[in-house]
Amino acid sequence: MDALRLLLVLSIISSAAAAAVNNDEKVTLEVYYETLCPYCSNLIVNYLYKLFDSDLKSITDLRLIPYGNAKIKNGTIVCQHGPWECVLNTVESCAIDAWPDVDHFPFIYCVETLVYQNNYTYWETCFEKLGLDATPVTDCYNSDRGTQLELRYAAETNALQPPHKYVPWVVVDGQPLYDDYEDFASYICKAYKGSATPSACTESSDGHILKVKMNFLKSLFGEETTKSIQALFSWLL
């Protein structure tokens, strides 16, 4: 099973596990971003996936808001990184709308991986890679629905208090993390007040990060290759 399909399976499993936690007890994690922002793609590709590689997702209500620093000029949305960013902002908005549970995350992860690799013009390959039906997303994008979703995200982003200063702008239960956004997991654990504390909040942070990295590399390369990689790269030690 390739890594993207594994992530799709993990998102489905984590959704089922999350159902066991009362929604009132969950911690809200909101990520305000724009699709061609390198810091945003780095967060999604190298950090945010950890929610699905542990039981942290069971206590987290993840919301992705793809709008960022775009502006509305004369009724038209103008994106910071140009027309392609507007395209992908709308595409990812449509994916969230089409698959409203966390099932949209593997698709967004796939697209942002292509952004990270500067291959974002091939974003449509993510449907085939994940075995997803493209129709609901493309129909949304090619209709007024996509624009309406982006305008809704524009209003939400512009209403932030305090206002966002940059992207990614990560908020945990209403509190912005500012430059510490990569450490969102520890803020989620601190904010959680329920009784079903996940193991991700009780393991040592270094040990848990190592475990997450090892599990993800195994999904990509297999156990034997991962052992070799572990010996070579100091960041896994």
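**Disulfides and buried cysteines**

Cys94 sits at 0% relative accessibility, so this residue counts as buried (buried means under 20% relative accessible area, exposed over 50%, partly exposed in between, with a 1.4 Å probe and protein chains only). This is a predicted model, in which local features need pLDDT of at least 70 and side-chain atom pairs count only at pLDDT 80 or more, while totals for chains, interfaces and linings use all residues. Residues are numbered from 1 along each chain as its sequence is written, and side-chain values use heavy atoms, with hydrogens and water left out.

The partner of Cys94 is Cys140, and the two are joined by a disulfide with an S to S distance of 2.1 Å (a disulfide being a pair of cysteine sulfur atoms within 2.5 Å). The link of Cys94 and Cys140 is left-handed, with -70° about the S-S bond. This pair ties together distant parts of the chain: Cys94 belongs to helix 3 (residues 83–98) and Cys140 to helix 6 (residues 135–141), 46 residues apart. Helices here are DSSP runs of H or I with at least four residues, strands are runs of E with at least two, and both are numbered from the N terminus. As for Cys140, its relative accessibility is 6%, so Cys140 counts as buried too.

Next comes the pair Cys110 and Cys126, again a disulfide, with 2.1 Å from S to S. The torsion about the S-S bond of Cys110 and Cys126 is about -85°, which means that the disulfide is left-handed. Distant parts of the chain are linked here as well, with Cys110 in helix 4 (residues 104–116) and Cys126 in helix 5 (residues 125–130), 16 residues apart. Cys110 and Cys126 are both buried.

Then there is the disulfide between Cys79 and Cys86, whose sulfur atoms lie 2.1 Å apart. The link of Cys79 and Cys86 is right-handed, with 110° about the S-S bond. Burial applies to both Cys79 and Cys86.

Stepping back to the whole set, the structure holds 4 disulfides. With the bonded cysteines of the protein numbered in sequence order, the pairing reads 1-2, 3-6, 4-5, 7-8.

Cys37 counts as buried because its relative accessibility is 4%. Cys40, at 1% relative accessibility, counts as buried too.
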